[in-house]
Amino acid sequence: MEVSDGAVIAESLEAPAAFGVIFDRHGSTLLRFLARRVDPSEAEDLLGDVFRIAFERRSTFELDRDSARPWLYGIAANVVAKHHRSEARRLRAVARVAADRGVEDDPADRAVAAADAGARWTRVMDALGTLPAAERQILQLVAWEELRYDEIALALGIPVGTVRSRLSRGRARLAALTEDRHVTTYEPGTACTAGGER
Amino acid sequence: MTEDLEPLRRSRPDRLLPDDPPDPEILVREKARLMMAITGTSEEVVHRRTPAIYPRLAYTDEVAALDFLTRAFGLVERRESRMEHPDGMLAWLEIGDGVVMIGRAGEEHHGLVSPLEAGAPTAMVNVYVHDIDAHYRRAESAGAQIITPLEDMFWGDRRYEALDSEGHRWHFAERLSEIQARRAAGQGRAQP
């Protein structure tokens, strides 16, 4: 059984090179997180930033924790927040890929015309981009990173209750922004009037 | 519970392009930079590029395979490159200047199958090692199934063949000329 991240970081207080193990264990996960959120070309540089910041702040890590991953996610989320232009570009790029690929992936999409399905994907990503940053952050940590609420609370340094309330506000807002304006069902012989078309 | 998040979930960039790992060299490079920053050395970091050709082997239990290959065959994982997904792990293993990638078998993993599922090996990996006799002893004592014993071959190699944890076939060899040169240099037994 591997020693815990807490023990590794404790060791790195005396022997700094031990911190390399933290990179070994979590580098690829954090790289993928960053590549989802900013231009992939920038993700590499930001990965270095995240781990250098983490190393400098390692004395603030609570050493009884088994995993440093939520803590690293928190540092990475802050780093991403400072690059919102890149983040906005990434969201638009994702929307384009999603619009192209969504049709074949989603059975629900096959029921509607391809153009409508593509537009819906773009709408989801557009809506995500307009959410308050704190709500978007939590939606993405839940949906893209599959973190648990307690991990998100640790990462962002907020109570679990706040995670829940921000998540539910974000979901409601996302639903309001994407619903109503698109055709959710299409039955042959009936007019496509659900919510009205653009 | 969170079905309304399903469109968002499926819009994850790397879901749209499943099983498309970021370049593992990024991780090797960034780890090296981090270690330079941490230790304060300005030493040029030696970083080998991934070779132009390297196979991917599929396993039903890639975690057990990783343990077996490092323990029995002396492969060395580029630990910082390991990708952990809920549905499987990818790892890059080095020996000498060669690299193999290991991952999970399955339809969604490039349609690869493990020899366990196929009922027969479907590929053989050929590896030149240092000190073939020591390598052989290590593999045998770690429980590798030896298929052909150590023998000197007419083309100038000393070799043996073994199966890994799921039946992929591995061919390990050392050039007889290197073995002779080592003996002549009086090194005797080198480390495995």
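## Interface and aromatic pairs

In this predicted model, 35 residues of chain B are in contact (heavy atoms within 4.5 Å) with 41 residues of chain A. Local features need pLDDT of at least 70 and side-chain atom pairs count only at pLDDT 80 or more, while totals for chains, interfaces and linings use all residues. Residues are numbered from 1 along each chain as its sequence is written, chains are lettered from A in the order in which they are written, and side-chain values use heavy atoms, with hydrogens and water left out.

Across the interface of chain B and chain A there are 4 salt bridges (a side-chain nitrogen of Lys or Arg within 4 Å of a carboxyl oxygen of Asp or Glu). B:Lys31 forms a salt bridge with A:Asp24, with the closest N and O atoms 3.0 Å apart.

Over all chains, the count of aromatic pairs is 11 (ring centres of Phe, Tyr and Trp, the last by its six-membered ring, within 6.5 Å; planes under 30 degrees apart are stacked, over 60 edge-to-face, the rest tilted). Two edge-to-face pairs are set out here.

| Pair | Centre to centre | Angle between planes |
|---|---|---|
| A:Phe19 and A:Phe55 | 5.5 Å | 70 degrees |
| B:Tyr136 and B:Tyr160 | 4.9 Å | 90 degrees |

A:Phe19 is buried at 0% relative accessibility (buried means under 20% relative accessible area, exposed over 50%, partly exposed in between, with a 1.4 Å probe and protein chains only), and A:Phe55 is buried at 14%.
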